2 protein chains.
Amino acid sequence: MSELTGTASVSRLRRELARGTVELVVLSILNTGRCYGYELLKLVEQAGAGRLEVKEGTLYPLLHRLEDTGQITASWEAVGRTRPRKYYAITAGGRGHLQMLRTEWTDLVNGMQQLLHTLDDARLTDPPAEEAP
Amino acid sequence: MSELTGTASVSRLRRELARGTVELVVLSILNTGRCYGYELLKLVEQAGAGRLEVKEGTLYPLLHRLEDTGQITASWEAVGRTRPRKYYAITAGGRGHLQMLRTEWTDLVNGMQQLLHTLDDARLTDPPAEEAP
DNA sequence: ACCCGATACCTTGTCATACAAGGTATCGGG
DNA sequence: CCCGATACCTTGTATGACAAGGTATCGGGT
């Protein structure tokens, strides 16, 4: 039967929230060293401690996009193996972009924090403020 | 002329990151007290301290969606004014949903933090780990 | 011998959402 | 008299996450 009971991997809502996050995650990992697609899948799972998830259908297109925009470079390697791997490495441009993404991420997080905080001590003490007729 | 120069409101990337956030923001505000659409627009701007932004084209459809799913209720009020306002109030269901959204938000933030942290001390000290042939 | 799961890559089609752009209507100034 | 602010709304476009499905190899199990 279809999974109605919560825990089953990331929820729809969560997925919506995660929008745009994947790029940050992938670039962050590649920033610590080159690796191939399938490896990234596993790494995110591990490093995200079950709270982050990236699907193949998301990852591969993203990698291609990042390559097209010159943020990463790809190279096939099959040396001691039959099944070749496509290794990705971050470029200088990619690092710049990552920096930007990080800033925007913390900005967003701070904005949310700020908002939730402001709400508590401003709105509650400051009623409708209906302009006098 | 079109605005090419940076600072002009939230960037495309940022917008991608903000996906799904708006719902959390709106419900959070409504949780502190009822208000009308146009007011929400201004409140987000204020409370978000310029780091958050919601556009009309985003807000109104969202409010309708939230109403349709019973998370908020609406009521027109035009008492001492000609131009009527549509006031929104959060429901019990909405509060439940908000709770969930908050959990998922902090979960995501924590996941990111965890990932970035793990990356620093795990990946860098732990080279490719190429399986021995 | 044969099938399966893991490894490894990829694609197409669907869905939801943010938003730009455009529209309606009232009021108070300049 | 027109404009900007207040206040609501809609349609169309872009994009990205993902489910589902596909290709190919290798090493077990039975």
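Tutor: Let's start with the labels: helices (H or I, at least four residues) and strands (E, at least two) are runs assigned by DSSP and numbered from the N terminus. This is a predicted model, so local features need pLDDT of at least 70 and side-chain atom pairs count only at pLDDT 80 or more, while totals for chains, interfaces and linings use all residues. Residues are numbered from 1 along each chain as its sequence is written, chains are lettered from A and ligands numbered from 1 in the order written, and side-chain values use heavy atoms, leaving out hydrogens and water.

Now for the surface itself. A residue is near a strand if one of its heavy atoms lies within 4 Å of it. By that rule, 25 residues surround DNA strand C, and the closest are A:Tyr38, A:Arg85, B:Arg15, B:Arg19 and B:Thr82. Of the DNA atoms that come within 4 Å of the protein, 68% belong to sugar and phosphate.

Which elements build this surface? At least two residues each come from α1 (12-18), α3 (37-47), α4 (56-68) and β3 (85-90) of chain A, and from α4 of chain B. Sorted by type, the surface has 12 charged residues (Asp, Glu, Lys and Arg), 6 nonpolar ones (Ala, Val, Leu, Ile, Met, Phe, Trp, Tyr, Cys and Pro) and 7 polar ones (the others, Gly among them).

Next, zoom in on polar contacts: pairs of N or O atoms within 3.5 Å; within protein, one must be able to donate a hydrogen and the other to accept it, and residues adjacent in sequence count only if both atoms are side-chain atoms. A:Gly37 has a polar backbone atom 3.5 Å from a phosphate oxygen of DNA strand C. A:Tyr60 uses a side-chain N or O atom, 3.2 Å from a phosphate oxygen. With B:Arg83, a side-chain N or O atom is 3.3 Å from a base nitrogen instead.

Finally, let's follow β3 of chain A onward. The loop between β3 and α5 (92-123) holds A:Thr91. A:Thr91 counts as buried because its relative accessible area is 17%; buried means under 20%, exposed over 50%, and partly exposed in between (1.4 Å probe, protein chains only). A polar atom of the A:Thr91 side chain lies 3.0 Å from the backbone nitrogen of A:Gly94. Beyond four places in sequence, A:Thr91 is in contact (heavy atoms within 4.5 Å) with A:Gly70, A:Gln71, A:Ile72 and A:Thr73.
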